Amino acid sequence: MAEIRLKNVSKRWHNFVGVDNFNLTIHDREFLVLLGPSGCGKTTTMRMIAGLEDISDGEIWLGDRLVNKLEPKDRDISMVFQSYGLYPNMSVYENIRFPLRVRRVPKEQHHEKVMQAAKMVELLDFLDRRPAALSGGQRQRVALGRAIVRQPNVFLMDEPLSNLDAKLRVSTRAQIKHLQHTLQVTTIYVTHDQIEAMTLADRVVVMNKGIVQQVGTPTEIYDNPANTFVASFIGSPAMNLVPGELRDGTFLADGISIPSLPRDTSGPVTLGFRAEDASLVSEGGQFRADVYSMELLGEATMASFRIGEQLVSIKSDKSYRAEIGQRVHAVIPSSACHLFDARTGTRVSQPHKS
Ligand SMILES: Nc1ncnc2c1ncn2[C@@H]1O[C@H](COP(=O)(O)OP(=O)(O)OP(=O)(O)O)[C@@H](O)[C@H]1O
Ligand SMILES: [Mg+2]
């Protein structure tokens with residue numbers, strides 16, 4: 001049983017708060033992703049769980065054990081570091097074998113376990129090489145192989161794909177997902193790449209400046225962001241956010257007028273809608289503006305507009321064409337609209353289905 005519970009966990013260095021009051025239960029065998037911009041406290045959270053960093057406040061539980069004071073080696077956790085941390089003087093085989101030696105796993109089991117792990121990460125052809133003679137992606141797989149060789153209770157992976165090129169990231173990502181599914185080990189995975197988070201996670205924790213912003217499944221976070229930070233961090237492009245005014249259930253901003261919105265709030269608000277939820281039309285609709293730029297994405301066309309300070313994107317059919325500067329209209333259904341507090345950025349209404 002490898003449930004992990006963090007209760008009011010904080011990390012401070014003097015006056016600086018790296019992680020602020022983190023509360024979460026990570027379920028047995030869950031794939032949890034910590035997502036947030038650089039410096040938001042992802043690695044620190046991970047290091048506290050691994051026992052590599054003392055916690056300033058709170059409790060960390062692994063199953064029914066309070067592990068605050070437990071040495072890293074007694075926590076039965078494997079960590080893949082942001083930089084792979086391979087031993088340069090050891091072969092791939094010995095690198096993968098290393099955790100077995102440290103943990104005094106009986107010698108006669110080593111060969112079989114190393115070969116099994118190496119097979120899973122597709123390194124059987126490279127066992128005699130030193131890390132220096134491997135590509136970035138192969139080194140990454142050695143680090144993974146070393147993490148899985150002894151089947152721990154928990155995997156911690158800190159940006160394991162950060163040094164790979166785009167294509168390799170996609171294939172290694174699929175491999176990690178498959179491995180986790182096969183091994184059924186509770187996994188916490190750190191990334192600042194929202195696509196990686198969305199594709200891998202059972203649940204995502206979005207962090208900013210040491211504070212958890214939202215915890216939810218990828219769908220929940222995409223469809224129902226708790227605030228403008230999450231809305232602007234998830235999705236490619238991110239959710240359009242337009243400041244304006246809500247009056248009698250109608251949202252008003254330059255070139256935008258959307259009726260049939262909730263009437264329980266009024267005054268300054270931020271409107272959110274996703275590029276794919278609006279559609280370009282030749283006239284009418286709730287939105288009109290001049291095309292600022294057009295991007296052909298292959299499977300679709302993305303038109304963008306300047307509304308005040310904001311750039312707004314609307315996705316269209318791949319055959320859609322318009323000139324830069326051309327006036328176009330768009331339909332933005334009220335059911336696709338999210339409203340956020342203009343000052344705090346907190347959601348003030350659920351998208352309502354009409
Ligand atoms: N030993 C330390 N002393 C003081 N501040 C620290 C220390 N370690 C980390 N920090 C600060 O804590 C904050 C969180 O750092 P952390 O490494 O957890 O960020 P991160 O989310 O992993 O970022 P990245 O995506 O860049 O790896 C940062 O502002 C960092 O400067
Ligand atoms: Mg980090």
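**K73 is exposed in this predicted model, with a relative accessible area of 57%, and K73 pairs with D74.** The side chains of D74 and K73 form a salt bridge at 3.5 Å, N to O; a salt bridge is a side-chain nitrogen of Lys or Arg within 4 Å of a carboxyl oxygen of Asp or Glu. D74 counts as partly exposed, at 35% relative accessibility. Buried means under 20% relative accessible area, exposed over 50%, and partly exposed in between (1.4 Å probe, protein chains only). Side chains of opposite charge can pair when their charged atoms come close. The model is predicted: local features need pLDDT of at least 70 and side-chain atom pairs count only at pLDDT 80 or more, while totals for chains, interfaces and linings use all residues. Residues are numbered from 1 along each chain as its sequence is written, chains are lettered from A and ligands numbered from 1 in the order in which they are written, and side-chain values use heavy atoms, with hydrogens and water left out.

**R5 and E3 are joined by a salt bridge.** Their side chains meet at 3.7 Å, N to O. R5 is partly exposed, its relative accessible area being 23%. E3 is also partly exposed, at 22% relative accessibility.

**A salt bridge between R327 and D290 has an N to O distance of 2.7 Å.** This pair links distant parts of the chain, with R327 in strand 19 (residues 327-331) and D290 in strand 16 (residues 287-296), 37 residues apart. Helices (H or I, at least four residues) and strands (E, at least two) are DSSP runs, numbered from the N terminus. R327 has a relative accessible area of 45% and is partly exposed; D290 is partly exposed at 37%. Elsewhere, K11, R47 and E53 are joined into one network by salt bridges that share partners. The count of salt bridges comes to 13.

**E220, D223, E276 and D277 form a negative surface patch.** A patch is made of residues with over 30% relative accessible area and no salt bridge; like charges are joined within 9 Å, and nonpolar side chains (Val, Leu, Ile, Met, Phe, Trp, Tyr) within 5 Å. E220 lies in helix 7 (residues 218-223). E220 is partly exposed, with a relative accessible area of 44%.

**Helix 1 (residues 42-50) is mostly covered.** Of its 9 residues, 7 are buried: K42, T44, T45, M46, M48, I49 and A50. Just after helix 1, G51 has a positive phi of about 90°.

**S266 sits in the loop between strand 13 (256-258) and strand 14 (267-273).** S266 is exposed, with a relative accessible area of 58%. From S266 to F155 the C-alpha distance is 47 Å, and the two residues are 111 residues apart in sequence.

**The annotated region and the whole chain give the setting for the close-ups.** According to the unreviewed UniProt entry, the annotation "domain: ABC transporter" covers residues 4-234; UniProt positions follow the numbering used here, feature names are shortened, and annotations may be inferred rather than shown by experiment. Over residues 4-234 the chain is 35% helix and 26% strand, and the end C-alpha atoms lie 26 Å apart. The protein chain has 8 helices and 21 strands. Its C-alpha atoms fill a box of roughly 75 × 45 × 35 Å, taken along the principal axes. Of the 354 residues in the protein chain, 51% are buried.

Note on methods. Accessible areas come from the Shrake-Rupley method with a 1.4 Å probe; for residues, only the protein chains shown count as cover. Lys and Arg count as positive and Asp and Glu as negative; His and the chain ends are not counted. The place of a charge is taken as NZ of Lys, CZ of Arg, CG of Asp or CD of Glu.
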